[in-house]
Amino acid sequence: MQPHDALLIPLKKFFGFNSFRPLQCEIMSDSLADKDVFAVLPTGGGKSLCFQLPALVRSGLTVVVSPLIALMKDQVDSLQAAGVPATFLNSSLAAGESRSRLRGLHNGEFRLLYVAPERLMLSGFLEDLKKWKVSLFAIDEAHCISEWGHDFRPEYRQLRNLRGIFPEVPMMALTATATDRVRDDIVAQLHLKNPARYIASFNRPNLTYRVAAKSGAYDQILSYIRARPRESGIIYCQARKTADDLARKLCRDGVSALPYHAGMENSERSRHQEKFLRDEASVVCATIAFGMGINKPNVRFVIHYDLPKNIEGYYQETGRAGRDGLPGECVLMFSPGDRVKQMRFIDEKPDPREREIARAQLEQMIHYAEAATCRRHFLLGYFGEKFDEANCGGCDNCLAPRAEWDGTMAAQKFLSCVYRIRQKSGFDVGIGHVVEVLCGADTEKIRKFGHETLSTYNIGFGHSRAEWSAIGRELVRLGFLFQNAEKFNVVQLTDAGGSALKTRQKIMLTKSVAAAVPEHRVGEIQCDETLFEKLRALRKRLADERAVPPYIIFPDSTLRQLARHYPANEQELSRISGIGEKKRREFGEIFLREIAAHLQGNPRQMFADDFAGPDTCAPRRSLLTDTVSESLLLFRQGKTISEIARMRGVKDSTVFGHLEEALLAGEAIDVNTVVSAQAQRDIATAFTRHGFVSLSAVVEALGGKYNYGECRIMRAALQTKLVRM
């Protein structure tokens, strides 16, 4: 039997999957052959399975080095729910519980042990390990060992000694984000012996990347979240106070939001994380302390309220969205002022080399935020991966390209200023100083070098300082200027820039990112949404009874398959991806009963892509006509029903009809802006008494207090469960 075949049986039995994700089988096969393995798999790419599944087919104990207590508990809970004998040891356990688990390890009861690096390298613990027949060390989040990584942890450096203590035990190092330099450093630090290297694609096709200019940031975020009433999301903030304030404001406005940061008590932080994992809070406002501690698969959006410090951290944090393979959206709120704030923090670093690296990383982040080209192409290119598609179909710049403007005159002024400064002084300067010269600033540096005498001094009228800075950065991206990261990010004319300056070449520049948070890219497994909500409620009850997060029972992707294929028996249930034997025995009959009960009172729905298999996660395409879409767009821009009707030359009733169609097609609409709270209660009560068939009966029962349009909107909202009866 080939290794692939030997792995397929436990893959289906314990995890409920019929096939592997890219590179998983190859990684596992090399590991089972006792080779050292180094793997870079993106968040949601199935890293954990690479050491969990082999642990079930090889003898001995697999020791997993993990950096966070919450992450250990989360993974062990999931494994135990699937019937895998796994445990963890960390400071969160009472003494009695630790002793019980140690006895189990001495008796060979476990196949996987999760442990933090500090505990692993204690001399007494190392002696215990020698007795437990360790067959593999799996170093998760391996980038933490590298000073060049975005999340360096000194305690990880102790792991360098493992190879000398256990020279014959193979190692597997895994991470989601690592540049070439970090990869080489990981291999060197861990003393991996001629490791098999696997670098998966960094592309997450189910994620949409967007950048929105900050303009009333809180209102933007509130509007965004209200349009997604049943979705979970994370909002990353730079400061603890921002996280606290944002969570408090959202709660005040009816959003179940909680803060999470290192300044909170451990117990409170754990409680907030637990509520989020159990779907008792829909939004977490967090600093990067929330990074690696979250394994919630149904996070539908990640918003960065502040500019991240580097691309690696940004990529990893956005990777918290859509881990179940269903669509997720990543929105970066951006203001040029964010750069100034970050630079202040960087300037406080005592080490000059650290400051230099941090500035270069920040400039890359700003280039990403301001880029007019494909954001997916930018991200993948940063990690050394080529992306050949002309249009990724999953970022704002590809979905709605920004308008261009003739920037020839502005480019000439900027390039000329760079040239004149170099000509006069014999050295190069950064973009900031070029902008100061263009804007006629009276600074000590300008006076010291006589730059107020340049012909380009104070010729920058027509653009603000922030706009000139953006123009300079775009000229870098277009190749007319070179920004030298090795020399404090000074800018230099390239050959292309010099030629453009001499020939007065036409240069088109791109307008800045729009202020409004863009529309959500809808796309999920099409299913019976009413049944899906019933299954979610059932899952929540079962999870609460067992004191575990809902996704430990089943992820959303599995519930959506159940609500699409309506399995009627165990054989049909076994075809649903994500249901292993233990879960089928424990929960199968309960979910089958719920599905059968639903079908007694509701027709079985058919879907446009029913030819696709049960593992398909095809995006749901909009069924709206152009005229309905136009009304919906105006509504989302804040226009009232009457304003839309007047602008489009139609009656109010027509616009109400458009919004009703949009609701029934699955579009998110804030009903509260159309129908008052009292009206919602009254109309919902009337529908309860008279049913949904006759709209006129409901309007008459309400004595004409509310018009047909309001009643139509409420009927659609009730039918799609946007409001409760």
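Tutor: A residue counts as buried when its relative accessible area is under 20%. By that cut-off Tyr 314, at 0% relative accessibility, is buried, and Tyr 368, at 1%, is buried as well. The model under discussion is a predicted one.

Tyr 368 belongs to helix H15, whereas Tyr 314 lies in helix H13 (residues 311-318), so their pairing ties together parts that are 54 residues apart in sequence. The ring centres of Tyr 314 and Tyr 368 are 5.1 Å apart and the ring planes stand at 50 degrees, so this pair is classed as tilted. The structure holds 14 aromatic pairs.

Helix H15 spans residues 352-370, and its axis comes within 10 Å of that of helix H14 (residues 336-347), with a crossing angle of roughly 165 degrees. Angles over 145 degrees count as roughly antiparallel, and H14 and H15 are therefore roughly antiparallel to each other. Their crossing is right-handed. On the H14 side, the contact involves Arg 339, Gln 342, Met 343, Ile 346 and Asp 347; on the H15 side, it involves Arg 355, Ala 358, Arg 359, Leu 362, Glu 363 and Ile 366. Sorted by class, this contact comprises five nonpolar, one polar and five charged residues.

A further partner of H15 is helix H21 (residues 465-477). The axes of H15 and H21 are 10 Å apart, and the packing angle is about 95 degrees; the two helices are therefore roughly perpendicular to each other. Here Glu 363, Ile 366, His 367 and Glu 370 of H15 meet Ala 470, Arg 473, Val 476 and Arg 477 of H21. The class composition of this contact is three nonpolar, one polar and four charged residues.

To return to the aromatic residues, Phe 202, Tyr 315, Tyr 382 and Phe 383 form one cluster. Within it, Tyr 382 and Phe 383 make an edge-to-face pair, with 5.3 Å from centre to centre and 85 degrees between the planes. Phe 383 is buried, with a relative accessible area of 4%, while Tyr 382, at 22% relative accessibility, counts as partly exposed.

Conventions:
Residues are numbered from 1 along each chain as its sequence is written. This is a predicted model: local features need pLDDT of at least 70, side-chain atom pairs count only at pLDDT 80 or more; totals for chains, interfaces and linings use all residues. Side-chain values use heavy atoms; hydrogens and water are left out. Axes are lines fitted to C-alpha atoms, for helices over the stretch in contact, and angles run from 0 to 180 degrees between N-to-C directions. Helices (H or I, at least four residues) and strands (E, at least two) are DSSP runs, numbered from the N terminus. Angles under 35 degrees count as roughly parallel, over 145 as roughly antiparallel, 65 to 115 as roughly perpendicular and the rest as oblique. A crossing is left-handed if the near helix is turned anticlockwise from the far one by less than a right angle, and right-handed if clockwise. Contact means heavy atoms within 4.5 Å. Ala, Val, Leu, Ile, Met, Phe, Trp, Tyr, Cys and Pro count as nonpolar, Asp, Glu, Lys and Arg as charged, and the others, Gly among them, as polar. Rings of Phe, Tyr and Trp (its six-membered ring) pair if their centres lie within 6.5 Å; planes under 30 degrees apart count as stacked, over 60 as edge-to-face and the rest as tilted. Buried means under 20% relative accessible area, exposed over 50%, partly exposed in between (1.4 Å probe, protein chains only).
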